[in-house]
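Hi everyone, thanks for coming. Today I'd like to walk you through one structure, a bit at a time, so please have a look at it with me.

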Amino acid sequence: MKCCFREKAVTVCTIIILVLAAVFIFGATTAAADSGRRVNERKFFTSYVVKSQDTLWDIASEYITPEYTDINEYIREVIRSNQMTSTDIYPGQLLILPYYSDVPQY
């Protein structure tokens with residue numbers, strides 16, 4: 001009977017150690033992935049009035065933040081945010097531009 005109890009105790013301890021190791025490894029991976037983020041980083045929006053000769057790509061290259069994988073992803077979000085149906089913009093048009101930051105830009 002003592003023998004069975006020891007085997008069960010060893011099995012339970014092994015499982016606990018494996019679970020703790022998995023939690024530690026997963027937690028370390030998540031922390032490493034988030035280490036590039038700024039403290040208190042949030043998504044904000046700012047407004048921009050389109051000027052003559054502006055293109056969506058020019059505006060995007062000025063306002064894009066590192067959280068976007070590429071300029072096309074940022075432009076897609078600008079189009080969605082402004083409920084646009086194309087990439088056409090016009091002088092005087094008001095655009096809402098997303099950006100990530102620790103603090104809002106006023």
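**A helix and its buried side**

Let's begin with helix α2, where three residues, L56, I59 and A60, are buried. Why do they sit on the same side of α2? Because the arc they cover around the axis is only 100 degrees. There is a handy rule behind this kind of pattern: an α-helix has 3.6 residues a turn, so residues three or four places apart point the same way. And what do the buried residues of α2 pack against? Their partners are strand β1 (42-49), helix α3 (71-81) and strand β2 (94-101).

Before we go further, keep in mind that this is a predicted model. The average pLDDT of the chain is 83, and 81% of the residues score at least 70. Confidence is highest in helix α2 (residues 56-63), with a mean of 96, and lowest in helix α1 (residues 2-34), with a mean of 71. Where pLDDT is low, the predicted coordinates should not be read in detail.

Are the two partners buried or exposed? K43 is partly exposed, with a relative accessible area of 34%. E77, at 10%, is buried, because buried means under 20%.

Methods:
Residues are numbered from 1 along each chain as its sequence is written. This is a predicted model: local features need pLDDT of at least 70, side-chain atom pairs count only at pLDDT 80 or more; totals for chains, interfaces and linings use all residues. Side-chain values use heavy atoms; hydrogens and water are left out. pLDDT is the predictor's confidence in each residue, from 0 to 100. Helices (H or I, at least four residues) and strands (E, at least two) are DSSP runs, numbered from the N terminus. Buried means under 20% relative accessible area, exposed over 50%, partly exposed in between (1.4 Å probe, protein chains only). The arc is that of the directions from the helix axis to the C-beta atoms. Contact means heavy atoms within 4.5 Å.
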